[in-house]
Amino acid sequence: MKYIDEFRDPAAAKRLLQAIDTLAGQVCVDSRVVRFMEVCGGHTHTIYRHGLENLLPDGIELVHGPGCPVCVIPMGRVDDALWLARQDGVVFTTFGDMMRVPGRQGNLLQARAGGADVRFVYSPLDALKIALDNPDREVVFFAVGFETTAPSTAVTLARAKELAVPNFSVFSNHVLIEPPLRAILDGQDVMLDGFIGPGHVSAVVGTDAFQFIPREYHLPIIATGFEPLDVLQSIEMLMRQIAEGRCEVENQYARVVRLQGNPAALALMAQAFDVRDEFEWRGLGWLPNSGYAVADAYADFDAERKFKVPGIRVPDPPACECGAVLRGITKPWSCKVFGTACTPETPIGTCMVSPEGACAAYYNYGRLHKEVATAIGEATKSRGRKLPPGTPDKASRM
């Protein structure tokens with residue numbers, strides 16, 4: 001496959017759905033329901049943008065996981081970021097999707113409106129350039145994300161040290177993927193039968209990094225791409241493993257992911273970061289060995305040391321169910337404030353802010369109420385599982 005439309009081909013989707021149906025007939029007997037967690041928020045948006053959940057047999061349920069990098073940031077770390085942004089002489093830089101994440105005293109956009117110099121950037125190297133162009137200002141980069149984005153921060157730290165840029169630092173909130181998955185599996189709040197594994201993280205850490213799931217928890221996981229056919233093929237692979245009594249790590253995203261990941265990126269991360277003893281996660285609490293701190297060799301570029309960040313710790317708003325959504329316990333429409341007090345324009349929780357958040361996916365693609373989504377699903381299935389409107393067909397590609 002060379003073109004994006006080939007990953008959305010209705011004929012190929014129909015063949016995959018037929019295979020899934022056949023496997024469901026073997027697996028989903030005696031009213032059994034199999035539950036697969038899509039770890040990455042990118043998969044959640046693919047599923048709901050293209051209506052894939054409506055095309056699956058009734059015996060397959062998809063639940064959401066903790067792989068949205070913005071969603072897992074606790075409110076206390078957002079408050080720390082706001083504190084940094086309001087320090088005299090600071091230019092605070094971050095990715096755009098962090099600008100609207102709410103803290104106790106507003107968000108970064110509101111801090112900018114109040115006079116703080118907050119700028120969004122497309123890369124940490126952009127933040128380093130701002131520091132080079134403004135030697136009289138302290139420039140802080142708000143680093144967030146899993147192993148996917150950590151390499152770019154590591155490259156920037158190495159470059160800052162090479163150029164000896166004294167006015168640049170990183171507020172590191174990078175996290176690791178293994179600890180939250182272990183926490184969910186150990187907690188047993190939701191019973192899972194397999195994982196639609198994160199594609200971008202797998203491209204960095206490799207499929208070997210997920211061997212602990214079949215080895216210790218006896219569940220399959222598939223490294224998965226982000227197009228509709230990728231997700232459907234991953235579900236077919238999971239169902240086939242269950243039908244055959246297997247639990248393995250498999251690689252559906254072979255056009256990008258390798259067994260050992262990206263060794264160069266992993267080496268840079270090992271040089272630039274130390275694994276924290278523990279780190280706080282939204283919805284999961286304090287998890288051991290789950291976050292990256294700036295390594296001692298780069299201490300001069302560590303904003304937490306340079307500014308003595310207060311380390312604010314506050315609970316999430318009591319009405320917000322983001323924590324339960326991130327653990328796969330509940331769906332967004334079960335939250336009392338979803339779609340009413342909490343919308344993309346007025347978010348209460350991080351899952352409504354991020355473009356990878358489950359709440360944003362439900363809101364943007366019309367899953368505001370469970371009853372409506374169920375009716376849409378039944379109507380779709382009654383039409384013979386045609387792909388939903390908005391999914392390209394052959395005629396639209398002529």
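I started with what helix α11 packs against: its buried residues (under 20% relative accessible area, 1.4 Å probe, protein chains only) touch α6 (150-163), α8 (199-205), β10 (273-275) and β13 (292-294). Contact here means heavy atoms within 4.5 Å. Helices (H or I, at least four residues) and strands (E, at least two) are DSSP runs, numbered from the N terminus.

Note on the source: this is a predicted model, where local features need pLDDT of at least 70, side-chain atom pairs count only at pLDDT 80 or more, and totals for chains, interfaces and linings use all residues. Residues are numbered from 1 along each chain as its sequence is written, and side-chain values use heavy atoms, leaving out hydrogens and water.

Next I looked up which residues of α11 (263-272) are buried, and I got Ala265, Met269 and Ala272. They sit on the same side of α11 because they cover an arc of only 75° around the axis, taken from the directions from the helix axis to the C-beta atoms. On the other side I found Pro263, Ala264 and Ala270 exposed, meaning over 50%.

Then I turned to the sheet. I found an open one of 4 strands, order β4-β3-β5-β6, with parallel pairing; two strands pair if DSSP finds at least two bridges between them. β4 (117-120) and β6 (168-174) are at the edges with a single partner strand each, so one side of each has no neighbour in the sheet. I noted 7 bridges joining β5 (138-145) to β6, and Phe141 stands opposite Val170 in β6.
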